[in-house]
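Good morning, colleagues. Please look at the sequence and the structure that I am now placing on the screen.

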Amino acid sequence: DKTNTMQPLKVTVVGTGYVGLGTAIMLAYLGHQVTGLDVDQSKVDMLAGGELPIYEPGLDQLLRDSKDRLRWTTDYTTAIPDADVIFICVGTPPNADGSPNLRFVAEAARSIAQNLNGKVQVVVNKSTVPVGTGDWVARIIEDNAREYSSGRYLVVSNPEFLREGTALYDSLYPDRIVLGSDSSLGIERMRLLYAPLLDQSFEAPAYVPRPSNYERPELVATALSSAEMIKYAANAFLALKISFANEIAGLCERVGADISEVTQGIGHDKRIGHRFLNAGAGWGGSCFGKDTSALISTGSEYGYSMPILEAAIAVNQRQRSLIINKLQQHLHRLKGKRVAVLGMAFKPNTDDLRDAPAHDTIQRLTALGATVVAHDPIAMPRARREWQHLSYTEAESVRAAVRGADAVIIATEWDEYRELDWNALLVDMRGRLIIDTRNIITTQPDRCTLEQIGKRSGVGVPHLP
Ligand code: NAD
């Protein structure tokens, strides 16, 4: 019965980055009263004015549709005391040694603790944190709560699996919701919170289409530490899949096989599946690199080595050098050469630049004396702020980027790059070399050298009769 499943709760989301914003707006859409809190005044001001500080498809619309149940603040003293559920969604960036930096989590936990009301409140950790952090957060809360009241502050781990670029779909139609807690009361309150999503008849708004084979998500209730491990194990496995495809791709190039055909062939095996087997420039983004390193660093605390993960990271690094190697094979010295880089974001449909392969590519090209002209349909304004240490010229269009270039590198598989008319573009270039690091070109343009990943040479390795 739908009427029984929805009980509006008061929710505060601490940290309004990619994860916190998605969480806050989604929960408001489900009918909860949500406060989004951030220490960054400029983000809060933007949000209060109805603007989003990040680019995520559809999120602006969901924000408009849910705005009556949302407010934004920097003030812990008003955001915490009334909340039934408090999410921690602050960043956990890597330290130099690969371990995650938990400073923001500790600061948030302390600020939350100082404003708890002494009644039962659930503190939910959504940031990706190493196993044991939940207990540590519980300790920080007990140590800092104004009135000590043991057992009233329930800590739940609720790891986030959303992908930037499809965050709305992932939060509204998740495969599973993982809840880790050593208190059944904590799990029960979270079940209330997510009740609408757990209902088979749930429909998100029309701009987030319901999958045709929709099955309501599995609610996976676990021990606190298992939930924390699930997040790392999931990301590590996905990173592994990509590195595996890249490793096989390298061998394909040598033996004259085609990686797209190979992954197509193996993906039909249901035990393997098609997803996350794209060979290319390797993984990037804020999560895979940091989470694989964090897992290895946790292992080393226990004197436990993780050779599979170490190899996955090494393959990913090799993939980034490969792009430059391919360029050198054709252009030889890069000094004085002009290279167009298409795509800066670490993947399409986001403006997130963290650990983007394009960053390394631009850095290496300029170190070798090349001139770089870069283009991205969405991420250029963010790059202007975050990539000031890099030297490249912005191009307002693909055409402007490739004009006079000796070579072009496709670094991000934006849809608009899939549809380019290369025969028209190549006319403006000085060289006729395309390094398609995402294997998105499906028809070989005329009289050009096309390098892709995992293909012997260009598109369409000839088949034997
Ligand atoms: P982010 O850097 O975009 O956002 C973090 C926000 O927290 C910032 O706005 C920052 O100002 C705010 N903040 C920092 N300290 C604070 C404090 N003491 N009080 C209030 N706000 C504070 O980070 P993100 O990408 O949203 O990631 C958050 C967490 O979620 C990380 O642990 C990450 O690993 C995990 N995660 C991210 C993704 C993703 O796709 N981005 C997916 C799953 C999990």
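Predicted model: local features only at pLDDT ≥ 70, side-chain atom pairs only at ≥ 80, totals over all residues.

Which residue just after H10 takes a positive phi? That residue is Gly256, with a phi of about 85°. Residues are numbered from 1 along each chain as its sequence is written.

Helices (H or I, at least four residues) and strands (E, at least two) are DSSP runs, numbered from the N terminus.

I turn to the ligand. Its shell holds 26 residues, of which Gly15, Gly17, Val19, Ser127 and Thr128 come nearest; a residue counts as near if its C-beta atom, placed from the backbone, lies within 6 Å. Helix H2 (18-30) and helix H6 (103-113) each supply at least two residues of this shell.

UniProt, in an unreviewed entry, places a "transmembrane region" at residues 11-31; such annotations may be inferred rather than shown by experiment. In the model that span is 62% helix and 19% strand, with its end C-alpha atoms 11 Å apart.

Finally, the sheet. Six strands form an open sheet in the order E11-E10-E9-E12-E13-E14, with parallel pairing; two strands pair if DSSP finds at least two bridges between them. The edge strands, E11 (393-394) and E14 (449-452), each pair on one side only. Two bridges join E10 (residues 371-375) to E11, and Ala374 has Glu394 in E11 as its bridge partner.

Thank you for your attention.
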